[in-house]
Every structure is written in structure tokens, then in C-alpha cells.
Amino acid sequence: MAYVISKDTHLHRSYNIQKAIFWWTFGLGLFVFGLWLLIIFGIEKPPLGLLLSCPIVSFCLLIFAKTRYSELAILAAGIRGEKQTLELLKGLDSEHWIVTDKTITYKGQSSEMDFVVVGPTGVCIIESKHISGKVIADPADKYWKRVKV
């Protein structure tokens with residue numbers, strides 16, 4: 001079995017940040033909505049500004065929370081993909097070392113590598129993706145292309 005040097009990945013950090021943002025905005029949206037209900041049923045003649053602004057602010061916060069929830073789903077899929085890739089790489093023999101989530105910087109440009117595998121025949125850098133479809137990579141292009149199938 002390969003030796004693994006592992007740490008939390010950039011996906012884990014992003015996931016935790018997005019999760020915190022989601023719960024704060026969702027909770028605040030519900031709070032503002034509840035405040036609006038209290039204003040409607042608790043005050044005989046509520047100010048028109050409060051009457052109109054609370055549902056609008058609440059709606060905006062809940063829509064923003066929904067976008068964070070979608071981002072959480074994407075990050076969770078990426079984390080699952082990296083875990084699956086690591087499990088496959090662990091099957092390499094004991095002459096291999098696997099380093100996870102390494103960032104290198106050269107001339108002001110940085111690049112994240114999901115896995116660096118060091119073995120008797122050399123070094124291999126692996127970028128892990130958890131997507132459906134076909135991925136087309138051309139060395140002449142800066143970006144990969146994904147074709148849904």
C-alpha cells in the first residue's frame with residue numbers, strides 16, 4: 001500500500017466556508033420573514049417601509065442562500081471524487097508516496113495539484129474531477145472542455 005501524506009483539501013475549506021454562509025443567510029432570511037410576520041400581526045398600523053422591505057429582504061436572503069446550497073452540492077461532489085481517487089491511489093505498492101492538495105508558485109503564478117504521486121519511475125501530478133460527460137484536454141488550450149453525453 002502506498003504511503004499517503006494528506007491534509008484537508010482546498011475543497012474541504014471551501015465547503016466549510018460555503019456551508020457557514022448558507023446557514024447564516026438562511027437563518028437571517030427566516031428571521032427577517034418572522035419579523036415581518038410579527039409586524040403584520042403585532043402592529044395595528046405598521047409603517048409602509050417596514051411592511052414592504054421585510055419580505056423583499058427576506059426573499060433576497062433566501063435566494064442567496066439557495067445559490068450557496070447549489071455551490072455546496074458541487075463542492076461535495078468534488079470532495080467525493082477526490083476521496084475516490086485517493087482510495088484508488090492507495091492501492092499502489094509501498095514504493096509510492098502520495099501527497100494531496102499541494103500548491104506551487106512560480107513567477108507569481110500559483111497552481112493547485114490534487115495529487116502528486118512519487119514512485120520509483122518518477123513523479124506524476126493528478127488533477128481529479130468528479131463530473132459526468134467527456135473531458136477534452138489539448139496541451140495548446142489553456143482550459144479543458146467538457147462535453148455532456
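Me: Why is Phe-22 called buried?
Reply: Its relative accessible area is 9%, and buried means under 20% (exposed is over 50%, partly exposed in between, with a 1.4 Å probe and protein chains only). So 9% puts Phe-22 in the buried class. Bear in mind that this is a predicted model, where local features need pLDDT of at least 70, side-chain atom pairs count only at pLDDT 80 or more, and totals for chains, interfaces and linings use all residues. Residues are numbered from 1 along each chain as its sequence is written, and side-chain values use heavy atoms, with hydrogens and water left out.

Me: Why is the pair of Trp-23 and Phe-26 called edge-to-face?
Reply: Rings of Phe, Tyr and Trp (its six-membered ring) pair if their centres lie within 6.5 Å; planes under 30 degrees apart count as stacked, over 60 as edge-to-face and the rest as tilted. Here the centres are 6.0 Å apart and the planes stand at 85°, so the pair is edge-to-face.

Me: Which residues form one aromatic cluster?
Reply: Phe-22, Trp-23, Phe-26 and Tyr-69 do.
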